[in-house]
Amino acid sequence: MRHMKIEIAADGFATLTLDNADESMNLVSDAFIAEMMDAIAQIAANESIKGVILTSGKPAFMAGADLKLLVQGYETMTLKSAFAFSQKASAMHRAMETSGKTWVAVINGLALGGGFELALACHYRILVDDPKSVVGLPEVNVGLLPGSGGTQRLIRIAGMKTVTELLLSGRAVNGPEALALGIVDAVVPAAEMDAAARAWLATGPNPVKPWDVKGYALPEQRGLIIPEYSAGMMITSGSVAKSGYNLPAPIAILSCIYEGAILPFDKALTVESKYFAKLLTSPVSRNIIRTTFLSKGAAERGAGRPAGVPKTEFKKIGVLGAGMMGAGIALVSAQAGVDVILIDRDVESAAKGKSYSETVLGKQSARGTISCDKVDTILARITPTDDFALLEGCDLIIEAVFEDIDIKAEITRKAEAIIPATTVYASNTSTLPISTLAEASARPDQFIGLHFFSPVDRMGLVEIIKGVKTSPATLAVALDFVAKLRKTPIVVNDSRGFYTSRVFQTLIHEGGAMLEEGVPPAVIENAAKAVGMPVGPLALLDELTFDLPLKIVEQAIEQEGSKYIVPAGVSAMKKMKAQGRSGRKTGGGFYDYPAEGGKKLWSGLSDIFPVSADYDVAELKQRFLYAQAIETARCREENVIETSEDGDLGAVYGWGFPAWTGGTLSYIDTIGVAKFVTECDRLAQKFGPRFAPSAWLRERAATGTGFY
Amino acid sequence: MDAYIFDHVRTPRGKGRPDGALHEVTSVQLVTQLLQALRDRNSLDTALLDDVIIGTAQPVGEQGGVLARAAVLNAGYAQSVAGQQVHRFCASGLDAVNLVAAQVHAGVMHAGIGGGVESMSRTVMGYDSGAWTSDPDVAFHNYYAPQGIGADMIATLDGFTREDVDGFAAESQRRAAQSWEEGRFKGAIVPVKDVIGEVLLDHDEHMRPGTTVESLSKLKAAFEGLGKGGFANVAKARYPEIEELSYVHHGGNSSGIVDGSGIVMIGSKEFGERAGMKPRARIVSYASMGSEPTIMLTAPADVTKKALKNAKMEVGDIDLYELNEAFASVVLRYMKVLDIPHDKVNVCGGAIAMGHPLGATGAMITGIVLDELERSGKSTGLITLCAANGLGTATIIERV
């Protein structure tokens, strides 16, 4: 056995220690299951073994299934083979709990997903007393369900309320809560775990699980004839609608609980496996796993980092401009242990930027999530000043001043006069071309874009923009810094709006176009939300104010002239501006913002945009997704994004493109490029050239070349 | 063969709560007392009846097991009289009437009794649920939302304000109080007696005469919690034109929760001759149908058109309309869609005032319409109810 070992102590208790030979974590895989089946058989057959302690040789107990394996389910498995796959793991757990031996899970570190399912199959669970060692079944977050007995054991162990809450949220719980919920039996310090396990085994517990005792009856077995249970199922099913209708996992989990509770245990396990098979073979789980785990993890580990460049250490950086973005960048840098020189035109403005950190950390401190000492340490790292001389010795400069080429150029020259010749200079611009800004630099190869998203301390993505002269070494420094902040990088090439802002605009312009067509505004907003966008396009525009998107359009017309296709939403925005309504900051836009109660669509909208009944909601939904997807394809064609992974990560984490799609390019792949192109042609015919596929995309369709 | 209504009776409606006057009376006893009253006041040879069909919206527990047959035997009817249970949620009582009429029409039955019963204080709502609300796969994928949410969806989509729905409710109370004062129900009401023969209740107990828009305005909207719990999302998924749900319904403008029963005797002309009874009205047509299930409560307008079409009649041919007042918005929308004036609809008040004993209401309001046609010298009436999961049933009657 490569991944585990069995030791039998003099007291007759065997210890089965899981220790994956190939990975830093114990993972459920085919090899693991095969060895486990072998180990269980050996243990069952050995009459001298009186009880079994199951533990891990790694810091964590077990992380769960191997996502690299599960991500392949969609394209490689049939419903039947996925069912068999799930049943195999179920059978392993079943073999343990019916082995005739009593098993104790000594959960020495975190146990999630398949790891916690393994523990649930044991007869007793001892969790280490350590706040980081949490347990849970987070499968819903990857579009799956706990498919090897998790739904069925949890309802039988902890009851309906706990099982639905834990499985639908995917929430992990710490020791005290796990104990209170009854999903672990004891929480003890690490050093005492083994003794506690032996002490419990020494009491001679019954190796037969309650549900294997004849006459066992789960109360919920009576199903919907229990009025409270029926009402609970009704309310909970309704609550699932809050996460929309695009995710198949939550309701499948609820079905497993509902249907499985009525059935005998083994039958219930097969039903669970059938629902699992449906999820595993659906594109949604593949998309979520690939983008939000595999691609995200790879990006964070430096997938886009040029090889051969030594890692940069950051002790001190300069942030130029203490406005909202600069203030946020200063905060996250200080939190990451970096000293920050925060510069603005005068000390007062710079101090105001630092006060943002004071506010955010103050709130955390009030909630008790951070100590006062730590707050002081972090704040001490930020030096607000108007003195450029303090930039001496900085390892990185991030400029976040007003979006004006001349102002930025002046700041660049001022800073470069002070900083070491080797220091990388990054601009946080969201609209101005990096290559243009780099012209002001004496060292354009050390010039790069670091586009943070607002609010910086809550948004995980950073869009790194390479100018035409940016060197690989500079990119490596930028990536090292993003890694230091523990954020997710994507690397893009210079283009108007770079990648994220460019594609994101298509969403809001599509909303404006629909308004012009006479689609009722509530329908526009709800259609966007129905596909999974967090906020409707009209509400988004109100937040941005219309000036910004209009300015971008004007610049584009200036630079490209007649070549430029004016976005479809411009006319709607101009009409609104003419009414003196340019967004929330101007007192109202598409919405009114009354002092009391939430925002409401402005009642005057229908006068400016007369409503027509001639729309198809399914098509509106399609347009939102397609407009963004085809613009991403163009970015890929133009090499604005160099990898599909970056495209998808930017979509999901940059502007909230729904995770169920896996991102804009995964979305095209899921539909199929050929079908996507056909539909784009239809939409282009009906709504304009913004949907027209390029020759490049047609070629991909013709050759069946997807983005992955 | 034509089907005629010969007689009908109903119990008064008791509050559907532990302190309601009928709480101590079993469901089967409510039906039993009505069957006996109907027999006795018509000196009926019960052997002339073929079947008794009783609708119940919750045919479980004491209301299950074909309550109709138990009541037939309990009432001392001839044992040859069959019994059957029907369930189409709130329309059950009217469906029972239609089912008897249909068999008379088809010539397979001479006479029978159709009706309904619901003791909502004893078989509380939720005892009978089912896949449509509570099987996650079915409920979620069919966009189930509770009825109160459907009522508020109607109000939102049709623009009925809180004042509109409260105004309708106050008028229902006013009409019900006036009808009782004028004795319009006296021919149908059978007081309910207890085990020792004492009268427990002889009037509709749920009414609140004197209710005004002002007094109703103090009540808190009832379904906002359900909406925020996720059902508003369901509503918007089905009706994306809804910006935000407008929560306007509450206990005061929704049907009251009550206990009660109603039955209607239907038969052929020949049956009347044999039983020595005169027909009072002809059952002209009837229909059932489904409509969009999330909003759930809009079938009455469609099923009304269907029943009218079956009868080759127009909206204007009906003198009195009776639509169960499940929620105020249901009736407001019905009047709006069919363009029927309020003075032709629910002229004696409705379930908002007097209560809605789910499975029984269809039979009760059939009787109310017939009595009112006779009292006012009018001829045609249409009875309809919305029922759960988008269902609706309607019946047209004509005095003879």
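Predicted model: local features only at pLDDT ≥ 70, side-chain atom pairs only at ≥ 80, totals over all residues.

Which residues of helix 9 (residues 193–202) of chain A are buried? Select the helix and pick out M193(A), A197(A) and L201(A): those are the buried ones. They sit on the same side of helix 9 of chain A because they cover an arc of only 70 degrees around the axis.

What do the buried residues pack against? Show these strands of chain A:
- strand 2 (13–18) and strand 4 (51–56)
- strand 6 (103–107) and strand 8 (124–128)
- strand 11 (186–188)

Just after helix 9 of chain A, click on G204(A), which has a positive phi of about 65 degrees.

Next stop, the largest nonpolar core, with 349 residues. Select V104(A), I397(A), I464(A), A478(A) and I266(B), the ones with the most contacts inside it. Zoom in on A478(A): setting aside neighbours within four places in sequence, its contacts are V424(A), A426(A), I448(A), L450(A) and I464(A).

Last, go to where the chains touch: 26 residues of chain A and 23 of chain B take part. On the chain B side, helix 4 (131–134), helix 5 (136–141) and helix 9 (224–238) each supply at least two residues. Helix 9 of chain B gives the most, with 7 residues. Colour that side of chain B by class and you get 10 nonpolar, 8 polar and 5 charged residues.

Notes
Residues numbered from 1 in each chain as written. Chains lettered and ligands numbered in written order. Core = buried A, V, L, I, M, F, W, Y, C linked by C-beta atoms within 7 Å. Buried ≥ 20, exposed ≤ 12 C-beta atoms within 10 Å, placed from the backbone. Contact = placed C-beta atoms within 7 Å. Helix = DSSP H or I, 4+ residues; strand = E, 2+ residues; numbered from the N terminus. Nonpolar A, V, L, I, M, F, W, Y, C, P; charged D, E, K, R; others polar. Arc of directions from axis to C-beta.
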